[in-house]
Amino acid sequence: MENTIHIGLIREEKHPHDNRVAFTPKQCQWIMHHFPQTQIYVAPSPHRCFRDEEYEKAGAQLQEDLSHCSLLLGIKEVPAEKLIAHKTYLFFSHTKKKQPHNQHLLQTILKKKISLIDYECLVHPDGQRILGFGFFAGVVGAHNGLQAFGKKTGAYNFKPVHTCHDFQELITHYFGIKLPPMKIVITGSGRVAAGALEIMGLLGIKYLPPEEYLVNEYAYPVYTQLKAGELYLRKHDKTYSRSDFHAHPENYECRFLPYVTGTDILMNGIYWDHNIPPLFNANDLKKDNFHIQVIADITDDTHGSIPCNLGDSTIEDPVYGVIKETMEQTAPYLPGTVDMMCISNLPNELPRDASQYFGDQLMKYVFEELLKPQSEMIRNATIAANGALTDKFSYLEDYVNGS
Ligand SMILES: NC(=O)c1ccc[n+]([C@@H]2O[C@H](COP(=O)([O-])OP(=O)(O)OC[C@H]3O[C@@H](n4cnc5c(N)ncnc54)[C@H](O)[C@@H]3O)[C@@H](O)[C@H]2O)c1
């Protein structure tokens, strides 16, 4: 058909290869059914969490060469030499904060007159991001934190998430598991925290308001959630305002310290940047009352909100220990140490579900906008078009000019 819109799902080429994808086979089928003017092509990949045959079965065409497609969708940064000139690409470019390692990528995008729509910049009218993988990062991070505590105490055994086919299999794994008494703190209130809460629910871990959690002991596992307003108070008047905190976090103090004494596992899911005070400092870690045994640092900033995050761990080797007195790295699961789970690509442990969740949001909120000749949402997320930066991203001029 003359007016068919050809859409390509590219192969992830960045190393190590990502196993996620923008649309699952079922979603491709749904799209082609509901938008008969579209045809989806898929570049074969041995790394993707859905097999090539699953796409073929769903009616997508497997094709190595996607140069006839006008829209190309990926997940991670596309290596500059793989970019096809004059196309419209959607992926996470990690260029909007002038990340040095992607400067060449954006320069190439401009040179090849590519239109770049960055998933991270797609927002609802109220400014909330539409797409993200945080929920499954929270699910996997919470599981991994509990798994580490089970290994440290020898009280129970969880299998690694990445050995499960999907989330449903993980849920089945939880049937019949009885956890010992333990106290868990979850920080944050975004997608990551929502994923961690999902695990609390599945395992029947009881929620307690922070005030109760702090003062009581329990004969069963419990958790509390500390949102930004419970964690941070403005120094001079002990109040919290979300917009003021986001604009001037340096004026706020962190109220986490009372929780270090009675908590076994900390699941950290609150956003952090350099102006935000950490949850505790190196001296607090040395004190006798620092009782936390496992930290699942899902937010995962090295030396960030968790000072003893000494760098990333990996899906294959998910936990390292930290000696509290010296803050040196050691083997995991030793007595008297803090075990750190700091995996930076947690959603890759549940790639089928993470991809489906991502694709659902993309289908619901973005896809029709992409097909329109003009869309404010798409315009606001377009970093480059026709060989130039768009107005909104003109602040990247010095970055693309090499300075
Ligand atoms: N380890 C991983 O695999 C992985 C995966 C996804 C996300 N993350 C990280 O987890 C963290 C939370 O992600 P999320 O998806 O839940 O994000 P989110 O935006 O849904 O929620 C973030 C939380 O931090 C607070 N917050 C948001 N913006 C803030 C700001 N500018 N200043 C202060 N506080 C702010 C919010 O109130 C909320 O509680 C992020 O740092 C993200 O990069 C890690």
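**Reading the model, feature by feature**

A: This is a predicted model.

Q: Which residues does the UniProt annotation "active site" cover?
A: According to the UniProt record, an unreviewed entry, the annotation "active site" covers Lys 76 and His 94. They span 19 residues in sequence, yet no two of their C-alpha atoms are more than 8.7 Å apart, so they gather at one spot.

Q: What can be said of the surroundings of His 94?
A: His 94 is placed in the loop between β5 and α3 (103-111). With 16 other C-beta atoms within 10 Å, His 94 is partly exposed. Not counting residues up to four places away in sequence, His 94 touches Glu 77, Gln 99 and Asn 102.

Q: How should I read a sheet, and what is the strand order here?
A: Strands of a sheet pair through backbone hydrogen bonds, either parallel or antiparallel. In this model, eight strands form an open sheet with mixed pairing, in the order β3-β2-β1-β4-β5-β6-β17-β18. At the edges stand β3 (61-62) and β18 (388-389), each with a single partner strand, so one side of each is left without a neighbour in the sheet. Within the sheet, β4 and β5 pair in the parallel sense over three bridges, and the bridge partner of Leu 71 in β5 is Thr 88.

Q: What does a strand show about its two faces, for example β13?
A: In a regular strand the side chains alternate between the two faces of the sheet. Strand β13 (residues 294-297) is covered on both faces: Val 294 and Ala 296 on one side, and Ile 295 and Asp 297 on the other, are all buried.

Q: Which strands pair with β13?
A: Strand β12 (residues 265-268) runs parallel to β13 and is joined to it by four bridges; the bridge partner of Ile 265 in β13 is Val 294. Strand β16 (residues 338-341) also pairs with β13 in the parallel sense, over three bridges, and Ile 295 stands opposite Met 340 in β16.

Q: How is the protein chain divided into domains?
A: Domain 1 comprises 5-131 + 352-400, and domain 2 comprises 134-349. Taken over C-alpha atoms, the centres of the two domains are separated by 32 Å. Seven residues of domain 1 are in contact with six residues of domain 2. The side of domain 1 that touches domain 2 consists of two nonpolar, one polar and four charged residues.

Q: Finally, how many residues surround the ligand, and which are the closest?
A: The ligand is surrounded by 23 residues, of which Gly 134, Ala 137, Gly 190, Val 192 and Tyr 271 are the closest. The elements that give two or more residues to this shell are α4 (134-153) and α6 (191-202). By residue class, the shell divides into 10 nonpolar, 10 polar and three charged.

Key
Residues are numbered from 1 along each chain as its sequence is written. This is a predicted model: local features need pLDDT of at least 70, side-chain atom pairs count only at pLDDT 80 or more; totals for chains, interfaces and linings use all residues. A residue is near a molecule or strand if its C-beta atom, placed from the backbone, lies within 6 Å of it. Ala, Val, Leu, Ile, Met, Phe, Trp, Tyr, Cys and Pro count as nonpolar, Asp, Glu, Lys and Arg as charged, and the others, Gly among them, as polar. UniProt positions are given in the numbering used here, feature names are shortened, and annotations may be inferred rather than shown by experiment. A residue is buried if 20 or more other C-beta atoms lie within 10 Å of its own, exposed if 12 or fewer, and partly exposed in between; C-beta atoms are placed from the backbone. Two residues are in contact if their C-beta atoms, placed from the backbone, lie within 7 Å. Two strands pair if DSSP finds at least two bridges between them. Domain bounds come from an automatic or database domain assignment.
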